[in-house]
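Me: I would like to learn how to read a structure like this one, feature by feature. Could you give the general idea each time and then the case at hand?

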Amino acid sequence: MITEKRSEVVDARRPGWAPPTVAVPRRLRFERFNQTVDRFLPYLLVLPAAVLTGVFILVPLAQTIWISFTLGAYTDQQHFAGLTVYQEALQETGLPFAIRNALVWGASAMVLAPALGLVSAALVEDGPARPKALFRFVFFSPYLFSLAVAGAIFTRVYDPSYGFIASLLKLIGFGDLKLQWLGDPHLALTAALVVFLWHEVPFCFLVFSAAIRQIDRNLYDAANVDGAWGLQTFVHITVPSLRTVTTMVVMIMLLVGLIPFAVVYALTFPALGAPSYATEIIPTMIFKLGLLGTNYEEAAALSVLLLVAIVGITLGLNKVREWQLAR
Amino acid sequence: MDVTRRVALKWAGGLALSAGALSSLIEACGGGTSTSTSSAKKVTSGTVRWRTDVSYVISDQKVLDAGKVDLPKLVVESSPVDYTAAGFTAMRLSIQSRLTDLLVAKSPKFLFLDPLLKSKLLRPLDDYYEAYNWKHYLNQPSTKHATRDGHIWMATTYLELPGLTYRKSTLSKLGLQPPQTWADFLMTLQELKGPGQIPITVGTRGFSFLMLLHNQLWSGIDPKSIEQVIFGSGKWTDPAPVAAAGAMVELWDKGYIDKDALSIQLGDAAERFLAGKAALNVTGSWFYATMKKQLGDDWDMLTPPGPGGKPTWSVGEDQGMVIPANAKDADAAAAWLNYMVTGNGVKALQDAGNLVASNAFSGQAIPQVAHLPTTTSTSSVYLFGWLPTATEDAWQQGVSSLFDKTQTPAQWCAQVQKAWEKDIANGNVPSNRGQLL
């Protein structure tokens, strides 16, 4: 056996020797090529997005997490500090206000924006208002502005002496009221929330408006035959038919409502979150600590905590959605 | 080469490219800083990418126009990074990405000299100070404030002087003079309070310029106290700052401060003043140019006395320029900086109504500016504006709580002191700042 193998090796070294060829049909080769392409093509297509995500999200994310556990970031004295930075970040004066505002903002965004959007969509799509296209445009138009622009517009609207609201109050005889919308800590959050809702309700309106048009009209006709009109059809047909869409809109609004940075920035920059932390939110704290200032470590720690909270909330909402779909 | 290998090679190529891009990005974000310095040379040509504070754009354009005539071979480009909106991080990245050769680092005492030095991003200016004889032009305290470890790192170009602007005609009609005592001040405000006229307007939304008023009242009570906070062991909870906060509350309670103040911005307050709806406006030297243009000679500025004290101007550095360690052409940057310290650039700034830090054309300042203190010891009683970030946030956030009485002046000052200590601990305030005096 050994001798035979040796002789084969020797044969293989002999000039002119060639291994026995097995003819592969052309069609089979083409199929193999296709299989290879099929195997790698998805990776190739995903590659640019993966690289971009890696460079612009994963690398900064890893960097942020690392910074949050260190002291002396961006200097040659950077060193691991365990949870020290987290302890300090949790003692920031503005944090309790930011958490309170996040809860108020998140709840308002989750409840008020979808509710107002749904009612306005139902009024336009099922109501007597004509022409519908005009009403659709009117309700949707605030969304054409960016949140920052909306904020800038409302700084004028809120001027206590010369603003739009002040003029209205003057017209009805309350000219001396001079409400300090953005200056009074008791009013500032409400004022900021109004800007947010003014901008986000149109989004909800748009989604609900499209969804309402998908509802089977026969349901309404049948209800009408049974004597149900207006509010009854809204409660018993429109609202139940939009259950899945509503869940999605509520989820989006909650997530948007947790980081309404643009509104607060436009209304309060450079003293972000003023007055008296009334409009403070965690993103403004991060911005002040890590961008306007040099406390990168605490900014990173708060960013990580915010990320964890948002991921947690998203997972929770997904569970709710799955449970709802399974019902 | 079969398809698998070809694809594998493409993958490898793609990954290599990605890694290359990543390393470039990382280099741009942090690794691209050179700390090498070359010997200083006096030049008249080169290219400078210059970045100043946005609020000085109009003045800066005048300097640029003058510079084109005087230094035709020096190309001055505006760096595209605006770090007004994104603060120190944008500043750091603009240096690390080599987007600027000469930039404003605000005030040498607090913003942002120490963080920039901690990150080893700056080039010492000692040689340029020597070569261009800047010591002769720039005031000694400012130079000292910009000195760390025996090196000068910044050249101050602008000073800032907070005050209450007024129309000369308004005061003279009522037979009033700038007040010299607290009682005088209250009497003046009472006289100025009338139908359709607010005694004092001030913008506080966004950034509370009450900070200037507090600063002036504080220096009007005890200027040494401010100096001790900045350079010594003084605290924000000392009697003078607490009393100054109390004085602000008194002015508010008596209706002398615009009730809209909590909702309006600096520009709105200026409009009220220029439209004659407010007699006094809490502002600063950056407003000279506007007043000069709109009110001709019918304006001036006063500083109020604090309770138990007398009017004491508080002046200090507003804007200082630094040259990055990795500047592409540091000599050209220094040449342009020199133009704003000794050349006609100073004159252009001064003619625009600014309070310049250089004495190059001090004999030619406008009358309202000429009599104001611009140099020496008074600069050390200055505390406005560029407070370190944590202190400023605590100041800004808490001030409105004084007026709705949710905090007493002592509580508010304690809150600011806590933030001040944090800034000291974080290195935003130099720990050995006593040596800067």
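Reply: A residue is called buried if 20 or more other C-beta atoms lie within 10 Å of its own, exposed if 12 or fewer, and partly exposed in between, with C-beta atoms placed from the backbone. This is a predicted model, in which local features need pLDDT of at least 70 and side-chain atom pairs count only at pLDDT 80 or more, whereas totals for chains, interfaces and linings use all residues. Residues are numbered from 1 along each chain as its sequence is written, and chains are lettered from A and ligands numbered from 1 in the order in which they are written.

Me: Why do the side chains of a strand point in two directions?

Reply: In a regular strand the side chains alternate between the two faces of the sheet. Here strand S7 of chain B covers residues 162-166, and five of its five residues are buried; helices (H or I, at least four residues) and strands (E, at least two) are DSSP runs, numbered from the N terminus.

Me: Which strands are joined to S7(B) by bridges?

Reply: Two strands count as paired if DSSP finds at least two bridges between them. S7(B) is joined by four bridges to strand S9 (residues 278-284) of chain B, in an antiparallel arrangement, with Pro162(B) opposite Gly284(B). Three bridges join S7(B) to strand S10 (residues 300-302) of chain B, also antiparallel, and there Leu164(B) stands opposite Leu302(B).

Me: Which residues touch the most other members of the largest nonpolar core?

Reply: A nonpolar core is a set of buried Ala, Val, Leu, Ile, Met, Phe, Trp, Tyr and Cys residues joined through C-beta atoms within 7 Å. The largest one has 192 residues, and Ala192(A), Ile200(B), Ala333(B) and Trp336(B) touch the most other members. Helix H8 (residues 188-214) of chain A gives the most to this core, with 15 residues. Because domain 1 (4-160 + 317-370) and domain 2 (162-312 + 387-436) of chain B both give residues to this core, it lies between them; the domain bounds come from an automatic or database domain assignment.

Me: What is Ile200(B) in contact with?

Reply: Two residues are in contact if their C-beta atoms, placed from the backbone, lie within 7 Å. Leaving aside neighbours within four places in sequence, the partners of Ile200(B) include Leu164(B), Leu189(B), Leu251(B), Ala278(B) and Leu280(B).

Me: How many residues of each chain are in contact with the other?

Reply: The contact involves 39 residues of chain B and 38 residues of chain A. On the chain B side, the largest share, nine residues, comes from H18(B). By class, that side has 13 nonpolar, 19 polar and seven charged residues, where Ala, Val, Leu, Ile, Met, Phe, Trp, Tyr, Cys and Pro count as nonpolar, Asp, Glu, Lys and Arg as charged, and the others, Gly among them, as polar.

Me: What radius of gyration does chain A have?

Reply: The radius of gyration is taken over C-alpha atoms, and the globule rule is 2.2 Å times the number of residues to the power 0.38. For chain A the value is 31 Å, whereas a compact globule of 327 residues would have one near 20 Å. The C-alpha trace of chain A spans about 115 × 70 × 35 Å along its principal axes, and 34% of its residues are buried.
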